Amino acid sequence: MPHHESFIVGNTSALLKLREMIDEALKKGEATRDFTASDLEDYQTFVMKIADEEIALFESLEMPYTGQYGEVNSNIFFVNETKNDSTPRSPITLSKNYMRTP
């Protein structure tokens, strides 16, 4: 939700893994790890670094709580999968390993 709190909660092991991810992203540009939530659902976590001067790229990232500016508007999911990199898009598109669907 806009203007609501954000939380990072984990045991020592998980927080150390998160710190390792941040260190890796600072060195290599990105890091990915699998984590498990308290309801035992697994999820992937991505940490990605962009250059300080890439403000336009940062501002183009679409947050899940915003209405989409592009071709499709779901208001919940990242669905703008156009090949136009100037349109709002999911942060996952910054991943070197991201495979865009045709």
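Glu-24 forms a salt bridge with Arg-33, and their closest N and O atoms are 2.9 Å apart. The term has a cut-off: a side-chain nitrogen of Lys or Arg must lie within 4 Å of a carboxyl oxygen of Asp or Glu. Side chains of opposite charge can pair when their charged atoms come close. How many salt bridges does the structure hold? The count is 1.

A word on the source. This is a predicted model, where local features need pLDDT of at least 70, side-chain atom pairs count only at pLDDT 80 or more, and totals for chains, interfaces and linings use all residues. Residues are numbered from 1 along each chain as its sequence is written, and side-chain values use heavy atoms, with hydrogens and water left out.

Are the two partners buried or exposed, or in between? Glu-24 is partly exposed, at 22% relative accessible area. Arg-33 is partly exposed too, at 24%. Here are the cut-offs: buried is under 20% relative accessible area, exposed is over 50%, and partly exposed is in between, with a 1.4 Å probe and protein chains only. The areas come from the Shrake-Rupley method, and for residues only the protein chains shown count as cover.

Now the overall layout. The chain has 2 helices and 2 strands. Along the sequence, the pattern reads α-β-β-α. Helices (H or I, at least four residues) and strands (E, at least two) are DSSP runs, numbered from the N terminus. The chain has 102 residues, and 22% of them are buried.

Next, strand E1, residues 30-36. Glu-30 lies in this strand. Glu-30 is buried, because its relative accessible area is 9%. Which residue is 64 positions from Glu-30 in sequence, yet 8.9 Å away in space? That is Leu-94, with the distance taken C-alpha to C-alpha.

On to the aromatic rings. A pair of aromatic rings is described by the distance of the centres and the angle of the planes. Rings of Phe, Tyr and Trp (its six-membered ring) pair if their centres lie within 6.5 Å; planes under 30 degrees apart count as stacked, over 60 as edge-to-face, and the rest as tilted. That rule gives 1 aromatic pair. Phe-35 and Tyr-43 have ring centres 6.3 Å apart and planes at 25°, so the pair is stacked. Phe-35 is buried at 13%, whereas Tyr-43 is partly exposed at 38%.

Now look at the loop between E1 and E2. Asp-39 lies there, and Asp-39 is exposed at 52%. Leu-40 is in that loop as well. Leu-40 is exposed at 70%. Its phi is near 70°, a positive value in a residue other than glycine.

Last, the charged patches. Patch residues have over 30% relative accessible area and no salt bridge; like charges are joined within 9 Å, and nonpolar side chains (Val, Leu, Ile, Met, Phe, Trp, Tyr) within 5 Å. Lys and Arg count as positive, Asp and Glu as negative, while His and the chain ends are not counted. A charge is placed at NZ of Lys, CZ of Arg, CG of Asp or CD of Glu.

Asp-34, Asp-39, Glu-41 and Asp-42 gather in a negative patch on the surface. Lys-27, Lys-28, Lys-49 and Lys-96 form a positive one. Lys-49 sits in the loop between strand E2 (42-48) and helix H2 (55-59). Lys-49 is partly exposed at 44%. Lys-96 lies in the segment after H2 and is exposed at 62%. Lys-96 and Met-48 are 48 residues apart along the chain, with 9.7 Å between their C-alpha atoms.

Methods
Areas by Shrake-Rupley, 256 points an atom, 1.4 Å probe, with all protein chains shown as cover.
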